[in-house]
Amino acid sequence: MPIYDTIVVGLGGAGSSAAYYLAQSGASVLGLEQFGPAHPHGSSHGRSRIYRTAYFEGAAYVPLVQRAQRLWRDLEAATGERIIRQTGGLVIGRPDCPTVRGAQATATECHLTHTLLSGDDARQRFPQFGLRDDEVALWDPDAGVLFPETCIRTYAALAVDRGAELHYGERVAGWDISGDEAIVRTRRAEYRSRSLVITSGAWTSQLVSDLRLPLEIERQFMLWFPPRDRDAVSPERMPVFVWDRGTEAETYGIPDFGDGVKVGSWHGRVASTPETADRVLRDDEAGPVRSFVEASLKPLIPRETESVSCLYTNAPDHNFLLGLHPEHPEVVLVSACSGHGFKFTSVVGEVATRLVHHEETGFDLRLFDPGRFRRTA
Ligand SMILES: Cc1cc2nc3c(=O)[nH]c(=O)nc-3n(C[C@H](O)[C@H](O)[C@H](O)COP(=O)(O)OP(=O)(O)OC[C@H]3O[C@@H](n4cnc5c(N)ncnc54)[C@H](O)[C@@H]3O)c2cc1C
């Protein structure tokens, strides 16, 4: 059995990208994934994801998101696959709500192109959206849609082209560090490597139990609504949006790519585990989303044609995990989720590669330090 340079545990959004950038850097890579490629049991399925630049979560994310967008465009250019589609984006809500205020503060601080539209201006320019008179919309032209299953498959294929060995249907049962080697156990074999990248999404607390990470798994839903007016909700005319109505959960949406407009709500759903998550949408959960669609998105029929469950891995501060294991410098921990991580998975793979090689990443990663919870515990 060879000793690999790096083993990547979990080949979803972040793991497929890490496998590629590691293999591209010349490392010998083994990737282990418990399910199949681009499967629907974790956090990266559902055919579309929003990317946006006026990041209301904070200006610290902007350099990462800008690099991520560059990498997604490069991936599309290199392969001809449909990876990214720029539609522009709206952040809608009252001017003083945290979402609009946060997006505007970041856009101003980072000198991003943006426009704050009054309710009237927004309704005129984007008649699909029924803004209330006391709401405004921040226009982020540099926002759009990623196609996650294609992103994952494309990175995985490129990783294999560069010599990575990717094993699907092989669950990692545990790992240890012995001397300067990582030992990774599955039912099939025991593998050895000089470094380890753990990109195991909703299963991260289980796989890194020594750190007692306070990650909470939240089961969420995406719903697809059919258009009354297909043209009005096409990606040529309808931007992606995040809408803060002052309720517990913001609502977001993605224009129609032929299967209806995807609408979901952000947080405020059921805490769960990957094993016990109830995959069936209840009527009392769908009800508020249908009412929102009926009140605010007139070109849609407010009855979903499809709903799919998905898992968030939430950190208490809703920031990512991206850095070295506090006790094992040969282990890189990555959980770019808290419900907003897919857009970053390209750059996260690149950063994880630099961390493995103990190189400068070029980013300030203090916000994402996996050891931060021990300090605050
Ligand atoms: C409904 C929903 C909507 C979202 N919308 C957006 C959005 O619009 N924009 C955005 O940027 N983000 C969004 N997100 C968040 C984003 O999708 C996630 O942050 C991102 O997909 C997380 O990627 P990941 O690689 O961490 O997890 P995953 O892609 O789930 O990958 C983890 C992988 O590890 C594997 N694994 C786990 N344990 C083991 C083991 N023991 N052995 C082997 N393999 C293992 C899993 O099977 C899985 O494939 C959304 C998430 C959801 C659920």
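Modeller: The questions below take the cysteines, then the domains. This is a predicted model, in which local features need pLDDT of at least 70, side-chain atom pairs count only at pLDDT 80 or more, and totals for chains, interfaces and linings use all residues. Residues are numbered from 1 along each chain as its sequence is written, and side-chain values use heavy atoms, with hydrogens and water left out.

Colleague: How many disulfides does the rule count?

Modeller: A disulfide is taken as a pair of cysteine sulfur atoms within 2.5 Å. The sulfur of C97 has its closest cysteine sulfur in C110, 19 Å away, which is too far for a bond. The count is therefore zero disulfides.

Colleague: Is C97 buried or exposed?

Modeller: Buried means under 20% relative accessible area, exposed over 50%, and partly exposed in between (1.4 Å probe, protein chains only). The relative accessible area of C97 is 9%, so this cysteine is buried.

Colleague: What is the relative accessible area of C110?

Modeller: C110 is in no disulfide. This residue is partly exposed, and its relative accessible area is 24%.

Colleague: How far apart do the C-alpha centres of domain 1 and domain 2 lie?

Modeller: The bounds come from an automatic or database domain assignment, which gives domain 1 as 3–44 + 149–214 + 317–376 and domain 2 as 86–144 + 216–313. The distance between their C-alpha centres is 30 Å.

Colleague: How many salt bridges are counted between domain 1 and domain 2?

Modeller: Contact, meaning heavy atoms within 4.5 Å, joins 15 residues of domain 1 to eleven residues of domain 2. A salt bridge requires a side-chain nitrogen of Lys or Arg within 4 Å of a carboxyl oxygen of Asp or Glu. Between domain 1 and domain 2 the number of salt bridges is zero.
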